[in-house]
Amino acid sequence: MLRNKSKLNLVRVGSDITYSSLKEIGNGLLGSFHGIIGEIDLAHHDSPMIDSIDAQLLTLILGEEYIGNTLGITDADLKIDDGDEFYNSILGGKNPTNDVAVVSTKKLTPSNMVSEAAIDLFIDRTTKVALHEVGHNFGLTDHASFKLAIDGSLCPMSRGEFNKFGYRGYVRAIVDGRGLNFCEECKYFLRSVYGWRRSQNGVIKDGLVSSSNNAIRTG
Ligand SMILES: [Zn+2]
Ligand SMILES: [Zn+2]
């Protein structure tokens, strides 16, 4: 029997990202997984200032602390130990043995983060990588070829090739090219596996800070 995955723990690892940004990312996830994710619990995981962390280790640490569908967002570089220099760093990953995925904002940050547009771009990119990894948590697989959603943007599960673009190019071509809507194939999968709660309005629960933002209900 499938476990209830309608709740997602959205965990800030370290303090780099602001709570308002984390909430915006949460709202993006609720919108894109409308009818699938019903509740997002925002949480904070204390972490020392580190430059990089092993991706698998981080998923294991978060898996000990949180129950169920969990996404950790860190500003540290995520490393994977596959002996290949080029693939050493990842934007995001999912541990296939538990329900924990992680995203690194390290390579998603625009060079100049002072303008509002740059912050919006940062949130947009982080949301899109988060959608991809949470999609894996729900059992969605990568699209090796570019697959478009109904709005003409790339489906969040589009992957593309790193070595064709390099990191900066990859972020611009693939991550920025993705939209917030899944393609019909992915939507069909999600609906048939997890059902579809048509009347459901997603809720972000945040026990740590209060908010006057009326897009988010607290409690
Ligand atoms: Zn993937
Ligand atoms: Zn898709």
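I began with Gly-92 in this predicted model, and I found that the bridge partner of Gly-92 in strand 8 is Val-103. Looking at the two strands as a whole, I noted that strand 7, residues 92-94, is joined to strand 8 by three bridges and that the two run antiparallel.

Next I asked which other strand is bridged to strand 8, and I found strand 4, residues 70-74, which runs parallel to strand 8 and is joined to it by five bridges. For one position in this pairing I looked up Thr-74, which stands opposite Ser-104 of strand 8.

Are the residues of strand 8 buried or exposed? I found that five of the five residues of strand 8, residues 100-104, are buried, so the strand is largely enclosed by the rest of the structure. I also checked the directions in which they point: Val-100, Val-102 and Ser-104 point one way, Ala-101 and Val-103 point the other way, and all of them are buried.

Finally I turned to the protein chain as a whole, where I recorded five helices and nine strands, following the pattern β-α-β-β-α-β-β-β-β-β-α-α-α-β along the sequence. Of the 219 residues in the chain, 36% are buried. I also looked at contacts between residues at least 6 apart in sequence, and I noted that 70% of these join residues at least 24 apart.

Conventions. Residues are numbered from 1 along each chain as its sequence is written. Chains are lettered from A and ligands numbered from 1 in the order in which they are written. This is a predicted model: local features need pLDDT of at least 70, side-chain atom pairs count only at pLDDT 80 or more; totals for chains, interfaces and linings use all residues. Helices (H or I, at least four residues) and strands (E, at least two) are DSSP runs, numbered from the N terminus. A residue is buried if 20 or more other C-beta atoms lie within 10 Å of its own, exposed if 12 or fewer, and partly exposed in between; C-beta atoms are placed from the backbone. Two residues are in contact if their C-beta atoms, placed from the backbone, lie within 7 Å. Two strands pair if DSSP finds at least two bridges between them.
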